[in-house]
Amino acid sequence: PISDWQVRALKCSAFDAFFGGAKGVAKSVVIMAGALRQVHHPAYRALILREVADETTEIADRMHRLFAKWPSNRRPAWNGTQRVFRFPSGAMIRLGYCRTAEDVTLYQGREWTYVGFDEVANVADPKVIPELIKEIRSPVPELVRMFRCSGNPGYAGHANIRKRYIVPCGDDGSRIH
């Protein structure tokens, strides 16, 4: 974490959380770091999404730079074809894309513990978030299940994000947890 808000975001215990704001405040870093919280557990499965598959290349590059700093016995193996990091524990983080509710079928039945959707406010389909949340589960009770997403205001999914995350917080933001 590089800022106080990132530390607070990573400590958030809510199942479902949205991180919004202007470009350049490192919301993507929070999505990536959140995916790393439980990689010590062999049953852990994380999914990091963007609207378009090619947009995950920057995320993969950032993660490679981070893992280069880790001790070699803790670094994950990268499968570029499957876009998966596999950790020595057996845990995995997959990078993928999702633009429509139909795209969610690509990730069905995998027992995702963590789903992080970077820039979800770009996605116009209002069914994407509820459908992805249905895929979050784990047979291991000690694994903490989470849905995390980020976005900037004014894009195709702005109204959906506002309805789901902003309006329930109240005009003064007093119901933000």
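Of the 177 residues in the chain, 45% are buried (under 20% relative accessible area, with exposed meaning over 50% and partly exposed in between, for a 1.4 Å probe and protein chains only). The model is a predicted one, in which local features need pLDDT of at least 70 and side-chain atom pairs count only at pLDDT 80 or more, while totals for chains, interfaces and linings use all residues. Residues are numbered from 1 along each chain as its sequence is written, and side-chain values use heavy atoms, with hydrogens and water left out.

The chain holds five helices and seven strands, taken as DSSP runs (H or I, at least four residues, for helices; E, at least two, for strands) and numbered from the N terminus. Read from that end, the order of elements is α-β-α-β-α-β-β-β-β-α-β-α. The radius of gyration is 16 Å, close to the 16 Å given by the globule rule for 177 residues, so the chain is as compact as a globular protein of that length (C-alpha atoms are used, and the rule is 2.2 Å times the number of residues to the power 0.38). Among contacts between residues at least 6 apart in sequence, 69% join residues at least 24 apart, a contact being heavy atoms within 4.5 Å.

On a 1 Å grid over the protein atoms alone, a pocket is an open set of points where a 1.4 Å probe fits, with protein on both sides within 12 Å along at least five of seven lines, and lining residues have an atom within 4 Å of a point; the volume is the space filled by probe spheres set on the points. Eleven residues line this pocket, and V29, M32, A33, R62 and L66 are the closest to its centre. Two or more lining residues come from each of α2 (27-35) and α3 (56-67), and α3 gives the most, with four.

Q38, between α2 and β2 (45-50), counts as buried because its relative accessibility is 8%. Beyond its neighbours within four places in sequence, Q38 is in contact with Y44, T113, E142, L143, V144 and M146. R83 sits between β3 (77-79) and β4 (84-86) and has a phi near 55°. E111, in the loop between β5 (92-97) and β6 (114-117), also has a phi near 55°. Most residues other than glycine have a negative phi.
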